Amino acid sequence: MTKTVTDVICPFCGTLCDDLEVVVSDDGKELLEVYNACAIGAEKFLHSQAKDRITRPRMRQEDGSWKEISYDEAVDYTAKMLADAKKPLMYGWSSTNCEAQSVGSEIGEAVGAVMDNTATVCHGTSLIAVQDIGIPSCTLGEVKNRADRILFWGCNPAHAHPRHMSRYSIFPRGFFTGKGHTGRKVIVIDPRPTDTASLADVHLQVEQGRDYELLSAFRIAFRGEQLPDVVAGIPKEQIYEAAETLKSGRFVIIFFGMGVTQSLGKNHNIDIAIAVTRDLNEYTKAAIMPMRGHYNVTGSGQVWGWLYGFPYAVDLSRGFARYNPGETTSNDLLRRDEVDAVFVLGSDPGAHFPFSSVKKIYDRPAVAIDPHETPTTEVCNVHVPVAFVGVETGGCAYRMDNVPIETRKVVEPPEGMMTDEEFLKHVLARIKEIKGE
Amino acid sequence: MAEYLIKNGFVFDPVQGIKGDKTDVAIKDGKIVATTALSSPKVIDAAGKTVMAGGVDVHAHVAGPKVNAGRNFRPEDKLFGYKAQTGIERMQGGFSVPTTIRTGYNYARMGYTTVMEAAMPPLYARHTHEEMRDTPILDQGAYPVFGNNWFVLEYLKNHEIENAAAYIAWLLRATKGYAVKVVNPGGTEAWAWGLNCDNVHDPVPYFDITPAQIIKGLIEANEYLGLPHSMHMHANNLGNPGNYTTTLDSFKLSEGIKPNSKFGRDQVMHHTHVQFHSYGGDSWANVESKAKDIMAYVNSHDNITIDMGQVTLDETTTMTADGPFEHHLTELNHLKWANTDVELETGSGVVPYVYSPSIKVCAIQWAIGLELALLANDPMRVFMTTDHPNAGPFIRYPRIMKWLMSTEAREQQFDAFKHKDKVIDATNLAGIDRELDLYEIAQMTRAGPAKALGLAHMYGGLAPGLEADVAIYDFNPNEPYAPDDIETAFGSAEHLFKTGVQVVRDHEIASNGNKRTLWVNAKVNENPQVMRDVKEKFLRYYTVTLNNYEVTGHYLPNPYVIEVDATQ
Amino acid sequence: METVTLTIKNQPELFLEAETIAPDAFAGKKTEEIADLTVYVGRERHRLGDFFEISGKAGATPEETKIVVNGDLSRVKYIGMKMTGGEVVVNGNADMYVGAWMQGGKLTVNGNVDAFAGTGMKDGELIIKGNAGNYLGAAYRGDWRGMQGGKIVVTGNAGSDIGTFMNGGEIVVGGDADVHVATHAEGGKIVIKGNAKSRVGGQMVEGEIYVLGSIDVMMPGFVYREDVDVDMDGIKGRFALYEGDLGERHRKRKGQTIYAKLYQRIEA
Amino acid sequence: MAIRVNLITGRTIQQGVSMEAGKEKPAYTTACGIIELDPTDFKKLGAYRNTNVRVTSSYGSVVVKAVEATQGPHPGVAYIPMGPWANMVVNPNTYSTGMPTFKGTPVEVEVAKNEPVYSSLELVRKACRGELA
């Protein structure tokens, strides 16, 4: 016998689909089938069942090999490492639930850590831009129900957010959008003719790294001012035409991704894209939204927002919260040798930071909390495997439009395995002991 | 639990009619009790001090998505303003939009123990509850917004009060909400197309309903259910010169409706931050106070309560579910603007704002707020708020007390204005010499809001049986004082008890308290049509499934449920 | 004016946060009291004297106090932060936030500085005889009030994001500038004596930029108006005047739209 | 023969799927230990599809397999899916924003037929220990 769990939330990307159906064995110990998920989401659920999964903490030996240790030993090592450090970096916090983020924050306060999440290499520059100019946005349902102009700038949901287009943006039929796809005009701006671009009415193949200039050109076009003949590789006629398409919409939505947050200009690219959105609100209704990557990177920004007032890169070392990307961001801290220990949970900087930063992690005491074996676990002294959030334990997560959704536990974790939250609670308790509280 | 006896203080308690008499207050098992009920109390000597119930804030934006948007997009609001962790106090930061930890502590430092979050977007209810959970000490509840909700618009278009009521009951349960909040009825839905509803008769695009129908219908639905609080109203046309007529039109929609509530309130409409709704003139050049007209109406209609929305002349962060207003504001001051339209339900905007004493309009706004309170015949129906943080941060309440209690303090402020004479011309305040006393202050900050919330059985006074929320201030009302002494004393309670736990001791935070979240569980007759509509809308238009919508379990670790039976 | 001399004797294991190295903190203090001022390494508190040899004495007020700091200070942050008067001379390289939120006095660095020098500066003089890092004279994150007044002079090159949200004052860079100059500026003047890259004056509302060398990519929102002669603070020559940013809002004065001005030298 | 191209990185669905299946597995190397080149750039390079190449920037060097662009044409632009291979060569400069410049790194690509493409864990391990050529 099997049973089907409905309304399951997918813990992969910021789209946070909540309509998955998962078939599990009657005893709830085995996960058998996943329906409605994209290929990546399905793989995430199914991988939890891998037979070769690591289920106990490991410590690196002198010769480079791993030795299995108990959770107690892992807790003790982690607590001591954090308590001994003058300024530890506690990084990640995106592939986990808000409950774990909350406990992690208490640890951060106790040891004076710098807390940073994956926004630091993802939409951190968007957050800087929002601080400079704000952000007119909406929930994804507004897009589904109202939007008739969809602009994807430097993002490729066909690969990174596979169900985004069908659930929210291009295809769905909503309250005022009964015609679905045919009622919408889709524009893609990207230096490559991506698979998303192939679904669009218009693709502007911008010269890589010149998004700022092109966005600026849109603002000039809105105002009917004169443009140079070519901006960022795009002839002015195409820019005027695209600008008119946007202005003539009833509800414009701009989605943007790493193509602009990680290219030259970074926060400024987002800043001016938001300025474009502000401008459009003079003529019609317009909103803009970052395509957040990890399923709960948004949540960690929210938790730190209400606890400290900053969405990432929060330096707690002096007993209060400070923030300044460029200083308190992980890659700058590592590059400059500002931190003396590294704790990673819910992310894989070993795979996703420039190698020069990865080497700095390798050079320091470091602990990685991750269900998987990853390049990060490869450069850490201790690896603590944990249950998959959203599969083997529940908890709150925030969608890319900041909508909070409670993820579900659908299957039991392997016998004796801790969750992120449980492990962190043990570490916090041990740190309090060490500090004599 | 420890017993306490607070001896010899000057007690101000509107519930018992005690006007500064020396009275002892006894605390046992979290409640106020008769002094005879104590066996071995800890004695607090309050001689020469002022004793009041814990403060009750009827309207503040302290938790939820737009508050956090305000925090996260204003790093400059926290620059150099942090407070390091010490003892039991966790890290605190933020001036106009403090962190949740600082919010709890700062209210407690002022002697407040109950604070209502004024606008909860239902889809973001979980977020709001997470923040309230992490706000120490305070009892809190949150008002879900209804005035632009598609269900409400569709039901009230046809005056289906029973269906609207069933939906309200369902949503209060799903979101763990406390009351029916209305913000710019219809206008925020219109804003989803970049439009607005400018007055109560301006129809909502597509939905074929007017704000007047929404307002009246929600009052009726609220009374159909007999909820503890009345419909809580932020009218159309906020912040615009000449808007007082819209405000009066909105007030009038409550005429002839009687409260149906066993929770002891007398009003059917609470209108919030009325300062923002009391403007005459037709441009910013000739804007003037219409507080007299507004208060003439309020004073003569018992079924209305209001709060001030007092401008405090600070740099602050405005935030409201009135999406079109925030867009209007960013067009005026060119500062950063955040906006979120929420599918089927509501919207919101956030914009920083500097209320400068050098700007005439800001000074006029300051005067109007004070006029509302000083022209009130019944302080039990006019409450002190700053619509935190919209007109200023809540930490300025003691300063507002100073202004209300002292003409000298008001004159000092007038003298500090750059356009003093023009401000005097455009307002009534300079001609008002009323000085409120502490009893009236207690009415406006304790007993009044508690009663209007339908919580007079718990909060707002010091009668035996009430929650033991007691504040002791180092202030002797019977000795001469300078205006600033008021601000100093009431800005830093000497002691504060919250449900019998001492949370402030000698002006310092002594405990993280026993915070509760209040919500209203209204039982109604089964209503298959409404449940069908709910299922249908979730299936077709929402982007979360119905089964993932309801806020449950650990989001409210310490809930306090108020049961209402509206089955009949 | 009295002089206090600090010479670094111990390098911090991480970075030293020393906002106390400012005339305001030193004024009226004896050498021993200055040595007792607090500095931080991560979460650890230390005495200033743990890291520096300290000699001389401070004046009674900040205005009467001069501080000379010697040695390799490339791991010391916040020198001269929030100073309101007096003088600081740094003989060596310094780390981030030199002269940040400075309100008066004079701060000279005989060496290079890292990012965020002169952040949110209100007044005073900040002179850097080497290169400056990114965000020179820029606003703190989120603040629309960047540099308000005072003057920053850099002999060498400067990094990206010079004068973001600048409202007043002047920044002179002797060498080249990296991307983004005067973004969102609403006033003030920036002079780049060397070359600029791109994003010069993006989203600029008001203010002036002078570039004596080349600009790799001009913003599309800057439109050529005319050639003009400039003779200003030793800078002479024929300049092409551009106005912009055409995509941005601008206020009007007497019916005329006020644009930001970008002058690029065409001949000396 | 070496060519100069502008390197960008990012997600692909294969990168996502193989990452969730385990970064220690060969499928992850197949998905991410590659460089997507435009046909015109292949021509300039004078190499067959599926040849190992060495990609070198001012910041590092890595061997990956050259494949034809799946989302092209984009002459002059090359694409390595996000992951440890790309991160050996991307520009780590954050311009004091915290964000490395993952997109827009000038690189040189040359044929390296006989050099191996390491798995993700091997690559990071060897690089950390200084065991890479």
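**View 1. Where chain D meets chain A in this predicted model.** Let's start at the meeting place: 43 residues of chain D are in contact with 54 residues of chain A. On chain D's side, the elements that each give two or more residues are β1 (2-10), α1 (13-21), α4 (84-87) and α5 (120-128). Which element of chain D gives the most to this side? That's α5(D), with six residues. If you sort chain D's side by residue type, you get 19 nonpolar, 18 polar and six charged residues.

**View 2. A stretch of chain D that has a name in a record.** UniProt, in an unreviewed entry, lists residues 6-106 of chain D as "domain: Molybdopterin dinucleotide-binding".

**View 3. Chain A, from its helices and strands to its overall size.** How does the radius of gyration fit a compact globule? For 437 residues such a globule would come out near 22 Å, and chain A has 23 Å, so the two agree.

**View 4. Inside chain A, with its buried residues and contacts.** Of the 437 residues in chain A, 71% are buried. Now take the contacts between residues at least 6 apart in sequence: 68% of them join residues at least 24 apart.

Notes:
Residues numbered from 1 in each chain as written. Chains lettered and ligands numbered in written order. Predicted model: local features only at pLDDT ≥ 70, side-chain atom pairs only at ≥ 80, totals over all residues. Helix = DSSP H or I, 4+ residues; strand = E, 2+ residues; numbered from the N terminus. Rg over C-alpha atoms; globule rule 2.2 N^0.38 Å. Buried ≥ 20, exposed ≤ 12 C-beta atoms within 10 Å, placed from the backbone. Contact = placed C-beta atoms within 7 Å. Nonpolar A, V, L, I, M, F, W, Y, C, P; charged D, E, K, R; others polar. UniProt positions renumbered as here; feature names shortened; annotations may be inferred.
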